[in-house]
Structure formats: structure tokens, C-alpha cells
Amino acid sequence: MARNASTGTRIGFTLLAWVIALLLFSPILWTLLTAFKTEAEAIAARPTFFPQTFTLENFAAVQQRSDYIKHATNSVIVSLGSTLLGLLIGIPAAWAMAFAPTRRTKDVLMWMLSTKMMPAVGVLIPIYLIFRDLRLLDTVHGLTIIMTLINLPIIIWMLYTYFKEIPVDILEASRMDGAELWNEIVHVLVPMAVPGIASTLLLNVILAWNEAFWSITLTSGRAGTLTAFISSFSSPQGLFLAKLSAASLLAIAPILLLGWFSQKQLVRGLTFGAVK
Amino acid sequence: MATAQTRTLSRLMMAPAVIVLLIWMIVPLVMTLWFSFQNYNLLNPMMTGFAGWANYVYVIGDPSFTQALVNTLLLVGGVLLITVIGGTFLALLLDQPIWGQGILRIIVISPFFVMPPVAALVWKNGFMHPGYGMLSHLWRALGLQPIDWFNQFPLQSIIVIVAWQWLPFATLILLTALQSLSEEQREAAEMDGAKAVNRFRYIILPHMARAITIVILIQTIFLLGIFAEIRVTTGGGPGYASTNLTFLVFRTGILSNDIGAGSAGGVVAVILANIVAIFLMRAVGKNLDE
């Protein structure tokens, strides 16, 4: 608002903003610090801020006990696999809707969005039974299929809002040159759409990585992703604060970094282009 | 412009997405609907056949359903209240000319990227644990008796955790909307000598109205399906004190193997979500017309 605010006001606002931001961040910061403490120090009656004896043993223990690497690999396969599969199906659909719209395009888009509104729990039981009968329970490919389906509407919507901003004239010009439609897509559209596709990819990897409902209900030991892995620590024998913190940190660190890069696209993607 | 050839082609390009989503939407929903009218319990294979409305009567008639429904509404309402008011306040604050704005944005958005089970476990053990949680240290330092949050305030504790996850989302959306308010509009208002309160009420708030609506609707869709936070903290308890509709269906259908009753609960959840969805579609649909 007041761009020419006095220095005093500015210092006040700055301080207030930092205090609130750090309070909001404190659970993450606390996890980070606790992960490097010994178990005794983590639950000591007198809490310490910085680790007194800096240790990496928690990370080793987590890996040994619950095989972090295996679960992280599952997470990478499921989130990347479902996103790529979603892009494969979504890019042609979004392209068609953005550049060859018909009277029904809007209805189709709204209908696709409506599938996202369906609460997962409404279809949990049939999916669970189908997966059981097809032996897809606790498999990486089974979960990848579900993840593709739940994120496909968002993928199409995001791509659609990006594609719509590409000027049609350019496509028309290339068509005049006799370029085939496929060439048009590969050589004209794709290079212009790459930033949009990249944002879509990033956001959907994040969403799939953090998805907890289907990964917890449909997987366990073998195909468990990191959300399932970390949920296993809720059982009593998992209640070791330092190890839990180490496991938590390992589970969130990769996506936190990705998230910081994609926060601007996040707004647009999650509001289906309604807020830019 | 659209020749017959392009039309056919665009239909072909849309076909995979449409078919896949059609199957995904219809097959399981029809199955849920079908199961909800069947006697179907995995533990009792003798019980089969058409059940009529029995599953619905059983599910809706059970006190746990009423409680789960109330809990669902409290959870959604409580989190919305905290995140919309807190988010508006934070967005206004971050929009001020302050030092380190870029870094602050990143710090504030961080909780949104924390996966739900981690968020819940970090709060449960690092903060709310009555023995060594941060809050218990704080309570002791103040000379108070530490609180066993998940036993005494199970639903409120979950509301706090979920609000912590979604406050960044609300803040980020509202801040984005706020920053699209044109500089001229702000300056014009300032020149007129409009007071800060009036500026907020007559210029900023109307400008943010749509973003607030969207925040409310999108969050509602996600908040109706809260699951992991309950699963890893209270397991829906004590009793049914922190069981929402999603968790009740999971409990009935998957944990207790009562497919029929679980499906009936699922149908109820779908109906509830649809009521919300209709409003969201209208809000997003308006944007499409522009």
C-alpha cells in the first residue's frame, strides 16, 4: 500500500513478518535440528536448540530399519511415472481444447474438473477390491495408475491455461507453410509450450509425492512410497524422536526444494488458472 | 476455421483423456452404489443379497455417523476460519514494503510442501507430546501442567495441524491476488485521503473477494478428504472423537471389512462433496468466460 512508508513502519512490519514466518517454519526447523541429535538429547528434560553432539546415526538407523532408499525409489517412480503418463494423455487433449475449441469444450473441461471433486473415499472400496482381485495391491504400477487418474484433470487444466496463451497466429503461419499437423506440434507448439509443460510436471510431481490417501490404503511394505513409509513410524516402536525427525527430513527434503522453485506456478495450477 | 479434418483430429486427441476419466469416474462409483445396497461383509461370506436401504439405515443411524459428520464440518469450518483470516492478514503483511520479502515468501509457503503424515507426526511428537514435545517444555517453563493434546483435544489438535498445512496455501493465493491490484488504484485511493481501514474495506477486500472464494472452495474439497493426519495421530479416537466421514468409511469398509456399510458411507461422502463442488465449478466457470 503505502510505498513511501517511513523507515520506522518498515522496520516494524519487517520484524512482525519475520517473527510470524519463523513461528510457522518452526516445526520444520525443529525437525531439521532434532534429526542430528542423539535420542537422549532429543527427549532431554532440558531441550537444546543446536545439537550438542552432532550425529548422523539416526539417518543410518532409519535406512537400516525401514529401508528409506527403497521407499524413496518407489516415490520417485510413482510421482514421475504418473506425471509423465498424465502428460502423455493430457498434452494432446489440452492442445485440442485450446486450439480447436468447440461449443462443448467448456463443458468437457468442467466435467474433467468435476472428476477431481469426487472424494477418494467414495471409490475407495471398489478400487480396493478391484486391486485385490487383479493382484495390484501393494504394487508400484497399480499405485502409478491411480495417481495418474487423480492428477490427470489438474494436468489437463494447467496445460490448457498455458496453451491458451500461445498466440494462434503463429500456428496459422506454420500451417500456411504446409507443415503437417504433427510437425506443427513438435516444432512450433512444443518449444513454446515447454515452460508450461515444465510447470505442470513440477506441480504434479509434488502433488503425487505428497499424496497420502491412496498410497497408505493401497500399498504397504513392498511398494510403499514415502508417505506410507513415514506413516509406519506412527506405531509405538517408531516413537523415537530423533530417528523420526531424520526419517521426516529425508521424506520432505527433496520436495521442499522443488516446491520453493515452483511456488508461483503452484498458485496458478491449484486454482485452475483462476488466480494468476 | 475448424475444418472437418481438424475436428476429427481434435476428437482423436481428446479421446484417451475422456475415455480414461469416464471409466475412472463411472465404474467405481457405480460399484460403490451397487455395494451400498448389498449385504456384503468380507468376514461373513454367508451374508449376501440385496439389502435395500439397510446399509444406509445402519450407517446413518449409528451415533458414530452423526459424530463423524459433525467432526467433518468442524474440521473443514475450523481450518477454513483460521486459514482465510490468518491468510488475509499474512498476505497483507507480506505485501507491505518489508525487507527480505522473497525469502519470507519461501519460508511461509514451506509447510504446504510437507507431506501430511510427516506434518502430523512432527506435530504429534516434536510439539504436542506431553513428555518431550516443544509445547510441553513451554508449558513447564510457564509453570503449567503439560497438556496431553491428542487425548484431551483430539479434534482441535488435528485442526491445528491441518490449518498449519493450509495457511501457506491461502496466504500465497491471497498474496498473488493482492499483488495484481494495480498501483494506480492504490495511489488514487491514497490521494483521496482514504483511511487504511476504508481502503481495505472498499478497495482491497472487493478485489480479493474472488481469490478468497476460490481458496475456500478448493480447500473445502481437500479438507473433506482429510485422512493421513487422523490415521497417524489419533486413529480417529478416542472413541470417535476425531473420526471424520473419510476415516469412518475407511474404518467400516477396510478395517472392519463391511463393504456394504462402508459403501453407503462413501455414497454419503460423495453427495456431500458434490454440493460443494457445484459452487466451485460455478466460480471457476465464471473465470473461463472472461
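**Cavities, a pocket and a helix crossing**

By the grid rule, the predicted model holds 8 cavities of 30 Å³ or more. Local features need pLDDT of at least 70, and side-chain atom pairs count only at pLDDT 80 or more, while totals for chains, interfaces and linings use all residues. Residues are numbered from 1 along each chain as its sequence is written, chains are lettered from A and ligands numbered from 1 in the order in which they are written, and side-chain values use heavy atoms, without hydrogens and water.

User: Why are α5(B) and α8(B) called oblique to each other?

Analyst: The axes of α5 (residues 116-127) and α8 (residues 154-179) of chain B cross at roughly 130°. Angles under 35 degrees count as roughly parallel, over 145 as roughly antiparallel, 65 to 115 as roughly perpendicular and the rest as oblique; α5(B) and α8(B) are therefore oblique.

User: What makes the contact of α5(B) with α8(B), by class?

Analyst: On α5(B), B:Pro116, B:Ala119, B:Ala120 and B:Trp123 take part, and on α8(B), B:Val160, B:Ile161, B:Trp164 and B:Gln165, contact meaning heavy atoms within 4.5 Å. Ala, Val, Leu, Ile, Met, Phe, Trp, Tyr, Cys and Pro count as nonpolar, Asp, Glu, Lys and Arg as charged, and the others, Gly among them, as polar, so the contact has 7 nonpolar, 1 polar and no charged residues.

User: What lines the largest pocket, and which helix gives the most?

Analyst: α1(B) gives the most, with 6 residues. The lining divides into 5 nonpolar, 3 polar and 4 charged residues.

Key
Axes are lines fitted to C-alpha atoms, for helices over the stretch in contact, and angles run from 0 to 180 degrees between N-to-C directions. Helices (H or I, at least four residues) and strands (E, at least two) are DSSP runs, numbered from the N terminus. On a 1 Å grid over the protein atoms alone, a cavity is a set of points where a 1.4 Å probe fits but cannot get out, and a pocket is an open set with protein on both sides within 12 Å along at least five of seven lines; lining residues have an atom within 4 Å of a point. Grid points are joined across faces, edges and corners, and a volume is the space filled by probe spheres set on the points.
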